[in-house]
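Dear colleague,

I am passing on a structure that I would like you to look over before you set up any calculations of your own. The file comes first, and my notes follow it.

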Number of protein chains: 2
Amino acid sequence: MSFFRPALDSLRAYVPGRQPDPGARVIKLNTNENPYPPSPKAVAVLHGLDADELRRYPRPFGDEVRDAVGRVVGVDPTWVLAGNGSDDLLTMLVRATTGPGRAVVYPTPTYVLYRTLAGIEEAPVVEVPFNPDFSLPVDRLVAADGALTFVANPNSPSGTATSRERLGELADGLRGLLVVDEAYVAFAEEDALGLLDTYRNVVILRTLSKSHGLAGLRLGYAIAHPSVLEGLSKVKDSYNVGAVPARVGSAALLDTQYTARTVERIRRDRALLTTALESLGCRVWPSQANFLLVRPPGGDAARVQDELEQRQILVRYFDEPALTEVLRITVGTSADHRALIDALRAILGSTPGTSP
Amino acid sequence: MSFFRPALDSLRAYVPGRQPDPGARVIKLNTNENPYPPSPKAVAVLHGLDADELRRYPRPFGDEVRDAVGRVVGVDPTWVLAGNGSDDLLTMLVRATTGPGRAVVYPTPTYVLYRTLAGIEEAPVVEVPFNPDFSLPVDRLVAADGALTFVANPNSPSGTATSRERLGELADGLRGLLVVDEAYVAFAEEDALGLLDTYRNVVILRTLSKSHGLAGLRLGYAIAHPSVLEGLSKVKDSYNVGAVPARVGSAALLDTQYTARTVERIRRDRALLTTALESLGCRVWPSQANFLLVRPPGGDAARVQDELEQRQILVRYFDEPALTEVLRITVGTSADHRALIDALRAILGSTPGTSP
């Protein structure tokens, strides 16, 4: 006899990208970390934290994070809810709004965790394939009438983005919440913040994991109307954001100059990497994120990933029907890219019968 | 129209104890923090953390925490699951095992969050009152046949504890999981670890918030059979424990000498505070935790709490029918206790008609 709910027993757990042991000598291009360290100002806050800040419970709503986001993004702090990474906020959203008879809707392929979270809540899932050019199928998403609709924008693993205007059409058509998951927005051309003025049902999610080089810190935030955040807070752990992410993350948020510099560097290197991969015969989708969706010549993505891994280079392969021929490759440093291109040249050159 | 599930709209959110602003000059005896700072070795780890540990995603299962708990507690690391505070693990337990038709059962009065978490999952709740002497009503708990049964041990707010033997009788009678929430066990006479050898349905929960002076860090852990932890992990956020709590918390766990010293000091001061409160006419229940359940003479607990707060002394009053006449007071430093006793003497002495 199981101790667990039957729905859970049959659930396939979400498997995050591989995290090698600390100190392992690998080139890690599989989970979209920033290749550059976090803001020195944030690190200074970490190293100067008073022990008493660890001793006491943190403030339940991470007030410092709310204030910092408010200043940087230009919203009132009451429109901000902090999370233990944006995964924590995704969990809150699904728990608060969905369940049997209350559907979760999203375009695919996208972040696989949305499906897992819906499965945990026993919510129906409606997956609407992106159009072949990765434009957003707005009408079909509206027709699915979700209690919760997710759009990762820029999307992962495609790296493509939908305009604010199109997202507005989607928000306008939906009765339920629309979550625009902007994990990668720092690397994109525009954001969806402007929708908040018009649409009460829009929630914007952000994270410090990619743009701020703080994946290990665990800090994300939602921006939405205070009445929406009030509902979400009912399923929030009392002290979901520790004192360290609140203090260190706020300092990182406020160091906007540093973030702008590293983001610009990544965007520039993204263009260079695209060109280099295309010169090897790869198809590369246009990216507004800090990664590229890449189809190696021949589409033998699983083998290419394996052979890269043997050379201590990690890239992401998704064991999903729509994604068997592609890899997702994080934009790294110039040195990472040289090693990657050298390895790919060796791997692709050695394969019989892999013309594009 | 609400965006949320109807059950959530009617849910009363859990309200944690008040957290004053950092730097506020209060004597804080309301949320059971340790009055002493965390281990200097843990603080040294915090101040020496490499920025690269913040940049990368942490290991999904907090391996360092598993190893540290394994060594300190004497279990295999595969029997340990780390959480973002033990609240995170409570949430996982309720999400994984309960729901409509799958009851949550616990003796009352106890940690109010159990009720809130059950409400979120729309699970039936069976509250079984403790016996008047706070001994455990084992037969009635067994009869309630919960999918999940919680026993906080030592219990909050009573501070009383149930023997391992009695908990074994409960585990033996139950078909569902029995969670022994040992948040305060460091201050108690015995723990329930020995039950794990016999009962597959037992989960032990611990936290570093009280015994290790690390409430702000957010780190707790569950100890249970690996098959139970596997089920729980399906509802775990991928990276629920950040790099900082994993590294700093592990160092704190391994500094067992420091923890033993501060815990011994708190136990000694608990006895002294009990005597002092009794000399003012308070009823004080025998405590195995780092707090005391106290009935002021006259039972006018709400007023006493208010007047203490006016004097910058925070204690906990619960707005619950069974607890209207009592306060929960955290064991602090000797100086905290002198201030508390002086204030209580003034408050109680100034009240007409409050003989016990």
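In which loop of chain B does Asp145(B) lie? Asp145(B) is placed in the loop between α7 (138-144) and β5 (148-152) of chain B, where helices (H or I, at least four residues) and strands (E, at least two) are DSSP runs, numbered from the N terminus.

Before the rest, the conventions: this is a predicted model, in which local features need pLDDT of at least 70 and side-chain atom pairs count only at pLDDT 80 or more, while totals for chains, interfaces and linings use all residues. Residues are numbered from 1 along each chain as its sequence is written, chains are lettered from A and ligands numbered from 1 in the order in which they are written, and side-chain values use heavy atoms, with hydrogens and water left out.

Backbone geometry

Asp145(B) has a positive phi of about 50 degrees although it is not a glycine, and with 33% relative accessibility it counts as partly exposed; here buried means under 20% relative accessible area, exposed over 50%, and partly exposed in between (1.4 Å probe, protein chains only). In chain A, phi of Asp145(A) is likewise positive, near 50 degrees, and Asp145(A) is partly exposed at a relative accessible area of 35%. Two cis peptide bonds also deserve a mention. One runs from Ser156(A) to Pro157(A), with omega near 10 degrees, and Pro157(A) has its place in the loop between β5 (148-152) and α8 (164-173) of chain A. Another runs from Thr108(B) to Pro109(B), with omega near 0 degrees, and Pro109(B) belongs to the loop between β3 (104-108) and α6 (113-120) of chain B.

How the two chains are related

Helix α2 of chain B

The buried residues of α2 (residues 40-47) of chain B are Ala42(B), Val43(B), Val45(B) and Leu46(B). They cover an arc of only 155 degrees around the axis, which puts them on the same side of α2(B), the arc being that of the directions from the helix axis to the C-beta atoms. These buried residues pack against α2 (40-47), α3 (51-55) and α10 (243-254) of chain A, together with α10 (243-254) of chain B, with contact meaning heavy atoms within 4.5 Å. The face turned away from the buried side carries the exposed residues Pro40(B) and Lys41(B).

The three-stranded sheet of chain A

An open sheet of three strands in chain A has the order β9-β10-β12, with antiparallel pairing, two strands being paired if DSSP finds at least two bridges between them. Its edge strands are β9 (283-284) and β12 (327-330), each of which pairs on one side only. Strand β10 (residues 291-295) is joined to β12(A) by four bridges, and Phe291(A) stands opposite Thr330(A) in β12(A). Helix α11 (residues 256-279) packs on this sheet, touching β9 and β10 of chain A, and its direction makes about 10 degrees with that of β10(A); axes are lines fitted to C-alpha atoms, for helices over the stretch in contact, and angles run from 0 to 180 degrees between N-to-C directions.

Ser287(A) is found in the loop between β9 and β10 of chain A and counts as buried, at 13% relative accessibility. Its side chain reaches the backbone nitrogen of Ala289(A) at 3.0 Å, and a polar atom of that side chain lies 2.6 Å from the backbone oxygen of Phe291(A). Leaving aside neighbours within four places in sequence, Ser287(A) is in contact with Gly159(A), Arg270(A) and Leu292(A).

Best regards

Conventions
Polar contact = N/O pair within 3.5 Å; in protein donor to acceptor, adjacent residues only side chain to side chain.
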